[in-house]
Structure formats: structure tokens, C-alpha cells
Amino acid sequence: MIHPASVLIVDDEPNVLRALRRVLRNETYQVLTASSGEEALEILAEEPANVVVSDSKMPGMEGAELLSRVQASYPSCIRILLTGHHDLDAVTHAINDGHIYHYIAKPWNDDDLRFILRQAIAFHESEHERQRLEALTQTQNEELKRFNSELEARVDARTAELTQVADQLDLAYETLKYSYVTTTQVFSSLINMRLPERHQTSSQVTQVIKAFLQVHPVDEGLHRDLLMAASLYNLGKLSWDDHLLSLASEKMFGDDRDRYQKYPEAAGELLMALEPLHGAAKLIRHHQERWNGSGFPNHLKEEAIPWGARLLRLAIDFIELQRGLMLDRHVSRDNALKLLEKLAGRVYDPALSRELVAFLQEHAPDMGISDTSVMALSTDKLEPGMILVRDLHSKAGHLLLNEGRELTKGLIDKLISFESTEPIRYTLLVRMPGEETLIEGESET
């Protein structure tokens, strides 16, 4: 029988317990409460919980002692301390003896509390799955040893079976290795549910980085960290007010600007609670640093900025400029690339900026194009003989050129002349004649 996930909240103040129950009433997990450490241990003996949230200061058994005893008796249970801002001794004790997963300061933020508990339950379930896979792997390893002891007498008959067992082991290891990638995708979906549609940029940023790394490969660990960072970089914006989510960053001043500058650091700190996400957390924390040292949060400069964070910044800015999230207007794709070039050496790594701009001038992963033979070009880079692979429409929505049309010099000249009367620059998706095209997705971003 599969038991639903549950959270046990321990606090000696009935008003706090009622408030927490009210905050969590719409959550999918079961909420249990206890008014003392002793009562909490009695409940756990009858009905183990996924997560225990305990107040730090309680009569009799304090929160740090309770979490220490929970850690000793129920090591898989996630432990969270609820504490006042100045209760440093209790936090230190809980970290050292109770090995807490997180601590939440009073008064808490309802959205942050709900998110932390969802994250804790997801982590508990992921750890349970990891342990199951480790047990499976151990069992299969023992079986493999037994098979090997009989190998001399049965080598011919058992070769196929041993190969199958080895494949199962490889699959178990791969499943374990990428279980956190799956969790990251779930977190990314949750983040997008909070953000307005035009702020849901993680998918396009991921597409840009993934395509760029196919041409400029890095080691497997950095590759995985970059893709997870691209999915989760907006995590620190979840606590923003709605009005802040609707502002372009150049329009943020005063307190709004302060909150904006803290979002990379906030996301990094949240993700540091998950050890497999430490690499991604570091990239997210530093993706708003600038090449000249004027960025945030740590004012890192040049090579001191992690390479992955520099690439993440370029990809994010390329997409967010087009979405109107940085400037108080939407920037065309071509002009976004020109801004990346213009700000190289001040905001961006100049060498990396040149490489990414050159790549994006020829390829269009951000526009749903995966075929490397397809190029995304501005009108001044078009050449006669190129084939249009997607319909071109004017700003008003009128069809200018249809898919499959071969471009001639006269047609290109007319297109450039027409473009001079429009307030935007056009980007055309083309390929050279004779090359097959493979387009993923039919809607242009």
C-alpha cells in the first residue's frame, strides 16, 4: 500500500499550528500537528512522516533536540527548523546535531514556506528512489559475483545472460545519475506556473545552450549543470510581487531594484540544499556578474566568473531582450545579437560573445529549428539562391514570402527596400539549395 506524503508540524503555540494548517490547507500532502516534542515522537512511532517542521523554542524538549532524535530514529525524514531571526544557538545546534535540511525564519513568507515544503517532499521522494536503485544495484552486483564464480563451467551458456545483467546495471546507474535532472524539469514547470507567459523563458534559454554545446562541447558535468541552471534560473523570482514581474529590469528602481539584484543569490541558496544541484546553483548565483566587475551579487570580474555563468548570461539576455524583459521595449532578434556584440568586453566575455553570436547568426534553436542546415539571417546577409524554409509575414501579419521560395537578387533588394519602411528588422529562416530541412515546431517564437 502506498501512503500519501505527510508533513508533521511541531509547535507549542496553538495559534501557530492553526496558522500553518491554514497556509497549507490546499497542499496535496497530509498535514499532521503536535504541540510538543514528546507528542511528535509518539506520532512518528505510529505514522512516519516525510518531513518534520519543528519550532526551535518549546517547553521541555526543544526543537534542536527533537530534530536530533528524529535524525537518529528516522534518518530518511527531512528535518526543518522554524526559528526566530536571533535564535542562532538553536540553529547551530540543529545543524550540528539534527542535520537539518533547511530552516525557516519567523515570521515566514507563505509562498516561500509552501515552496520549501514541496521541495523537501520532492527531495525525500528522490532520495527514496535513489536508495531503491542502490539496493537494486547491490543485489544485482551480488548476483553477478555468484555468476562469475560459476563462469568457468558455464561460460558459453551464460554469456548472453551476463550481458543482459550488465546492461541492467548500466541502466540503473544512468537512472540514478539523471534522477535529479527529472526533478529539475518538475521544478521548472512549477516556476513557469507562477510567472507571466512572457517571463517563461527557460525553455528557449535551454534550447540555445543545448544547441551551442553541441558545437562547443564541454565535460558531462558542466553540460548537465548548464541545462539545469537554464531551467531554474528564474527560481529567485517566485517571491516577487505581481507588479515587479511586469516591469522591465531597466524600469526597476529603489526597493524594486534591490529585490531584482537579489534573485540570482536567492535561487542559488535554495538550490544549495540539494547536493547534486550545487554546480547549477553556482552558475545561477553568478549569471548576473559582468566582465568588467560591475555585476552582482559578488562583483566578480573576467575569468573569475565561472565560464558556465558567462554562457548562461549571454543566452538569457539574448532571449529576454526579445521578450521586453530588460529594456522597456521588444528588441528584434538581429538587434539583440548586435547588443551582445556591442556590450562584449563590458558586460560579456568578448571571446564567448563572438562565438555565441556567430553561432546564432547561422542557427536558430531559439526559434524551434533543430536542423543545422537552416540559418537565421537578417536581410543584409541573404544571398541569391537561398531557399526560404518558413513563411515571412509583415508586422501587420500580411504574407510577404511563402515557404520554399528561392531568393533572387531582385527579391532581396525589394525586401530590404520594404524593410526600410517598417519599424522592425526581419529575420529569415533559409537554407542553401539542395540541403534537406527538418523543422521542429511550426510556430515562430
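Colleague: What kind of model is it, and how are residues numbered?

Modeller: It is a predicted model, in which local features need pLDDT of at least 70 and side-chain atom pairs count only at pLDDT 80 or more, while totals for chains, interfaces and linings use all residues. Residues are numbered from 1 along each chain as its sequence is written, and side-chain values use heavy atoms, with hydrogens and water left out.

Colleague: How many helices and strands does the protein have?

Modeller: There are 15 helices and ten strands. These are DSSP runs numbered from the N terminus, with helices being H or I of at least four residues and strands E of at least two.

Colleague: And what share of the residues is buried?

Modeller: Of the 445 residues in the protein, 47% are buried. Buried means under 20% relative accessible area, exposed over 50%, and partly exposed in between, with a 1.4 Å probe and protein chains only. As for contacts (heavy atoms within 4.5 Å), residues 24 or more positions apart account for 64% of those with a separation of 6 or more.

Colleague: Turning to the largest pocket, what is its volume?

Modeller: The volume is about 1500 Å³. Among the 46 residues that line this pocket, His-102, Asp-112, Phe-115, Ile-116 and Leu-270 are the closest to its centre. On a 1 Å grid over the protein atoms alone, a pocket is an open set of points with protein on both sides within 12 Å along at least five of seven lines, a cavity is a set where a 1.4 Å probe fits but cannot get out, and lining residues have an atom within 4 Å of a point. Grid points are joined across faces, edges and corners, and a volume is the space filled by probe spheres set on the points.

Colleague: Which element supplies the largest share of that lining?

Modeller: That is α5, with eleven residues. The elements that each supply at least two residues are β4 (78-83), β5 (102-105), α5 (110-149), α6 (151-194) and α10 (254-271). By class, the lining has 26 nonpolar, seven polar and 13 charged residues. Here Ala, Val, Leu, Ile, Met, Phe, Trp, Tyr, Cys and Pro count as nonpolar, Asp, Glu, Lys and Arg as charged, and the others, Gly among them, as polar.

Colleague: Where does α10 bend?

Modeller: α10 bends by about 40 degrees at Tyr-263, and Pro-264 follows within four residues. The bend is the angle between axes fitted to the seven residues ending at a residue and the seven starting there.

Colleague: Which residues of α10 are buried, and what do they pack against?

Modeller: Tyr-260, Tyr-263, Pro-264, Ala-267, Gly-268, Leu-270 and Leu-271 are buried. The buried residues of α10 pack against β5, α5, α8 (220-232) and α11 (278-285).

Colleague: Something on α8, then: is Ala-229 buried or exposed?

Modeller: Ala-229, found in helix α8, is buried because its relative accessible area is 0%. Leaving aside neighbours within four places in sequence, Ala-229 is in contact with Ala-280, Leu-283, Ile-284 and Leu-312. Ala-229 and Gly-268 are 39 residues apart in sequence, with 9.6 Å from C-alpha to C-alpha.

Colleague: How many cavities are there?

Modeller: The count comes to four cavities of 30 Å³ or more. The largest cavity holds about 70 Å³ of space, and its lining includes Tyr-260 and Tyr-263, as well as His-199 and Trp-240.

Colleague: Which peptide bonds are cis?

Modeller: A cis bond joins Lys-106 and Pro-107, with omega about -10 degrees, and another joins Phe-296 and Pro-297, with omega about 10 degrees. Pro-107 is in the loop between β5 and α5, whereas Pro-297 is in the loop between α11 and α12.
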